[in-house]
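Subject: Structure handover

Hello,

Please find the structure below, with notes on what was found in it after that.

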Amino acid sequence: MRTTVRAGRRKVEVRNADKPLFGPGGATKADLADYYARIAPLMLPLVRGRPVALERHPDGIESSGFLTQHPSHPKWIRTVWTSSGRMMECHEAASLVWCADQAAITLHTWSSRTPRLGLPDRMVLDLDPVEAGEGPFESCRDAAWNVREVLEELGLAAYVMTTGSRGLHIHSPLRPEVDDQDVRRLAKAVADRVAARAPDEWTTRVRKAARHGRMFVDYLRNGPAQLAVAPYSVRARPGAPVATPVTWEELDQLTSSQDFTIDLEREECPFSGMRRHARSPRRALSLLDDREGGVVPRPRLEQGE
C-alpha cells in the first residue's frame, strides 16, 4: 500500500505504508510519516543546518537496523560536505517524512551547524543507566539535576530531554567559538565533577567492565563528527518511544525515559529559544583552568578502548 503525506509545500509518497515497524500491531510506516509531519514545526528548528545520519530499520525493529550517513536522496534535499563525506540536512518537513519512507526511525545529528561545522553550538551530556526501571531512572534524574548545577556554576545553561531509551540528555547551548576537541574537554570536565558527587552511583569510566554497575555520565557525544539522537526522534523500541524535550519541572514527574511515544502532541517546545541562551565555552574553560590551577587536560581513552 502506498500513501501520500503532505508536508509543507511538498507531497511525499510513502511506500509500504501499512507495514508495521514496531512489531505486530505496532505503529506502521504511515504512522511514523504522519508523526514526523506533525512534529516538524517543533523539530526542524533543532535539527536544521546540522548534518544528519539515519538509523534505518527496513524490516522493523525486530530485525537488525543500520546507520547510514550518506543515503541516496531526492535532489530537493539539501546536503553539505563534512569530514566524513557528503551528508544530508533536514530543512523542511518533507525531508523528515522522506526519512520515514526510508524506514529511518531515528535521526542522529552533529553538534555543529553549517556554515560553522566543527565549532559546536551545543554540548550534550548523556546519562545512561545500566538498566531500565524506576530505580535506575531515579538516579539518572538526580544526576541530571547535578549536571545542571555544575553547568550553572560555569555560567552555562542546561536543557533536559528524555532519550526515549533508558536515560536523559542534557543540552547546553554554546556560542560557536571553540572546536570539537575543546567542547569534549569541557564536557569531560563537567562529567567528572558530576560523577565525583556520587562516585558509588555514577562514573565517567568508558570501559563497561570498569563501571561496576554504575551509571555512565557520557561525554563522548561531543567531539569531531560525533552524533547524538535528535530531539523528537522516534526510537527503535517497542511502543515507539520518542526522545522528548521536557521542562525541569516536568522531569520530576517522569517515571521513565519512555513516557512519551509516537502519539506525542505538543504545541510548544521546552527547547524553544534555547539558542538565545548560548553561553561562552571559552569562558567556561577558562574558569575550569583557573580552578584546576592549570589547563584542563584533553580527555584520554582508557587502555584498550
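Strand 8 gives the largest share of the lining of the largest pocket, with three residues. This strand covers 122–128, and strand 13, at 228–229, also supplies at least two residues of that lining. Please keep in mind that the model is predicted.

In total, 18 residues line the largest pocket. Those that lie nearest its centre are Asp126, Ser165, His169, Arg221 and Arg235. Sorted by class, the lining of the largest pocket has seven charged, six polar and five nonpolar residues. The space in the largest pocket comes to about 300 Å³.

The other item is the second largest pocket, which holds about 250 Å³ of space. Its lining is made up of 18 residues, and Pro45, Leu46, Phe271, Met274 and Arg275 lie nearest the centre. Which element supplies the largest share of this lining? Helix 1 does, with four residues. That helix runs over 29–47. Strand 10 (168–173) also supplies at least two residues of the lining of the second largest pocket. By class, nine residues of this lining are nonpolar, six are charged and three are polar.

Regards

Technical notes:
Residues are numbered from 1 along each chain as its sequence is written. This is a predicted model: local features need pLDDT of at least 70, side-chain atom pairs count only at pLDDT 80 or more; totals for chains, interfaces and linings use all residues. Side-chain values use heavy atoms; hydrogens and water are left out. On a 1 Å grid over the protein atoms alone, a cavity is a set of points where a 1.4 Å probe fits but cannot get out, and a pocket is an open set with protein on both sides within 12 Å along at least five of seven lines; lining residues have an atom within 4 Å of a point. Grid points are joined across faces, edges and corners, and a volume is the space filled by probe spheres set on the points. Ala, Val, Leu, Ile, Met, Phe, Trp, Tyr, Cys and Pro count as nonpolar, Asp, Glu, Lys and Arg as charged, and the others, Gly among them, as polar.
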